[in-house]
Amino acid sequence: MAKRNIAITGGAGFIGSHVVRLFVNKYPEYNIINLDKLTYAGNLANLKDIEDKPNYKFVKMDICDFEAFYKLMQEEHINGIIHLAAESHVDRSIKDPFTFARTNVMGTLSLLQAAKLYWESLPEKYEGKRFYHISTDEVYGALAMNHPEGIKPPFTTTASSTEHHLAYGDDFFYEETKYNPHSPYSASKASSDHFVHAYHDTYGMPTIITNCSNNYGPYQFPEKLIPLFINNIRHRKPLPVYGKGENVRDWLFVEDHARAIDVIFHEGKVAETYNIGGFNEWKNIDIIKVVIKTVDRLLDRKEGEDLALITYVPDRLGHDVRYAIDSTKLQKELQWEPSLQFEEGIEKTVRWYLENQEWMDNITSGEYEKYYKEMYEDKDIPN
Ligand code: NAD
Ligand code: TYD
């Protein structure tokens, strides 16, 4: 097989930085090109430990810039694309859907078209090529909560993280589940997924799509639930819980997602979709309590003293009730499974944020303060 020259888009973001790190460290013989616009969510500090490696290069680029990406493909002989660049936060998409359509839909289309033109111009065409698109379980919509107290799941799985698992409904998202996105974010991701399918079905491009559940772990921008709450607890700021805190998400440790991406990029079947999840459903309020207790313990505060910071605020518009992924296909076909129990993952995560306060402080000054004020101003949170 030809030498791998892989463009990873969005590599300076949360999940992207874990994928870049894994590929750079594990495959010294590959060329890994991190292509990122460095929006508010992109941060090269996420990759300090590998930035000087000889098989790594960073290129600042907007994925909507067709010409620039086409030129990069030619210059670097790109034969693999792992596409993570996106606008990724549901609350921002509710305030500003256009940016999501631009980056997530037009940006993905631009990459597909550049890849098509370049790869079709080569003698071997699509041979040995891969366009791997990273998507989300949110494209499937929302599942019902038939068991508000949770039940032991009816399926069998080998995943070690399932030991404490409860299911809050009878149904799950399967690879065959019909797309039914609700938020502007999930609608833009669904649209990009359709374009990826279309490039396979129409032009024969070797594409793969994966739809993953909520990730957590180091380097996540503190607009998302877990890092935002860890940072607020540290500063003893109110914790804005949307609605009753009863919405359910399936959570996966980010390094397990990166491991899945590695396996699927190398061994996944072209034109297939794989669901990636942790068989690990949690109600928001239960996660929040675990996070509070962990922060309190690690900061030598009285255990649970920060539970008083919980502040119920008006619900997110169109708030999806429950996400739950069935990732049996990936487990059976490619022998991937989550490596961490959730409690272990949360402990690791909280510890990381507390030990990397400088990283957090650097991104929570200036623009972030403005964002926080605007995003939460109508939520009537006491200071
Ligand atoms: P993130 O917001 O942390 O990072 C996104 C990255 O993309 C940033 O580095 C940003 O600078 C870059 N970017 C944004 N617009 C760009 C543009 N126009 N051109 C080039 N770069 C641009 O996102 P994340 O949480 O790491 O998510 C990565 C991918 O995984 C996304 O496609 C997201 O939809 C998907 N995903 C995320 C989760 C999750 O829980 N975070 C779950 C499933 C799927
Ligand atoms: P989030 O991390 O934004 O991920 P997603 O919306 O993609 O699932 O939110 C996770 C859950 O936490 C979701 O149900 C919304 C809720 N949430 C809050 O209750 N308060 C907050 O301040 C945030 C950011 C999220």
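A polar contact is a pair of N or O atoms within 3.5 Å; within protein, one atom must be able to donate a hydrogen and the other to accept it. By that criterion, the side chains of K48 and E51 are joined by a polar contact of 3.4 Å. The model described here is predicted.

**Ligand 1**

- On its own, ligand 1 has 840 Å² of accessible area, and the protein covers 97% of it.

**Ligand 2**

- Around ligand 2 there are 18 residues, and the closest are E138, P240, R316, H319 and Y376.
- An N or O atom in the side chain of R316 is 2.5 Å from an oxygen atom of ligand 2, while a polar side-chain atom of H319 lies 2.7 Å from an oxygen atom of the ligand.
- The side chain of N214 places an N or O atom 2.9 Å from an oxygen atom of ligand 2.
- Of the 510 Å² of accessible area that ligand 2 has on its own, the protein covers 97%.
- Helix α6 (225-234) and strand β8 (239-242) each give at least two residues to this shell; the largest share, three residues, belongs to β8.
- The shell around ligand 2 consists of eight nonpolar, five polar and five charged residues.

**Salt bridges**

- Side chains of opposite charge can pair when their charged atoms come close.
- The whole structure contains 23 salt bridges.
- D361 and R234 form one of them, with their closest N and O atoms 3.3 Å apart. D361 belongs to helix α11 (residues 357-363) and R234 to helix α6, so this pair ties together parts that are 127 residues apart in sequence. D361 is partly exposed at 36% relative accessibility, whereas R234 is buried at 17%.
- K129 and E124 meet through their side chains in a salt bridge of 2.8 Å, N to O. K129 counts as buried because its relative accessibility is 4%, under the 20% limit; E124, at 37%, is partly exposed.
- D256 and R259 form a salt bridge whose closest N and O atoms are 2.4 Å apart. Both residues lie in helix α7 (residues 254-267), three residues apart, which is about one turn of the helix. D256 is buried at 2% relative accessibility, and R259 is partly exposed at 32%.
- R236, R301, E305 and D306 are joined into one network by salt bridges that share partners.

**A buried arginine without a salt bridge**

- R249 is located in strand β9 (residues 248-253).
- Although R249 is buried, it has no salt bridge: E138, the nearest side chain of opposite charge, is 5.4 Å away. A salt bridge requires a side-chain nitrogen of Lys or Arg within 4 Å of a carboxyl oxygen of Asp or Glu.
- A polar atom of the R249 side chain does lie 3.1 Å from the backbone oxygen of D320.

**Loop residues**

- Most residues other than glycine have a negative phi.
- L38, in the loop between β2 (31-36) and β3 (56-60), has a positive phi near 60°. L38 is partly exposed, at 27% relative accessibility.
- D300 also has a positive phi near 60° and is found in the loop between α8 (284-298) and β12 (310-313). With a relative accessible area of 72%, D300 is exposed.
- K48 lies in the loop between β2 and β3 and is exposed, with a relative accessible area of 56%.

Key. Residues are numbered from 1 along each chain as its sequence is written. Chains are lettered from A and ligands numbered from 1 in the order in which they are written. This is a predicted model: local features need pLDDT of at least 70, side-chain atom pairs count only at pLDDT 80 or more; totals for chains, interfaces and linings use all residues. Side-chain values use heavy atoms; hydrogens and water are left out. Accessible areas come from the Shrake-Rupley method with a 1.4 Å probe; for residues, only the protein chains shown count as cover. Helices (H or I, at least four residues) and strands (E, at least two) are DSSP runs, numbered from the N terminus. Buried means under 20% relative accessible area, exposed over 50%, partly exposed in between (1.4 Å probe, protein chains only). Lys and Arg count as positive and Asp and Glu as negative; His and the chain ends are not counted. A residue is near a molecule or strand if one of its heavy atoms lies within 4 Å of it. Ala, Val, Leu, Ile, Met, Phe, Trp, Tyr, Cys and Pro count as nonpolar, Asp, Glu, Lys and Arg as charged, and the others, Gly among them, as polar.
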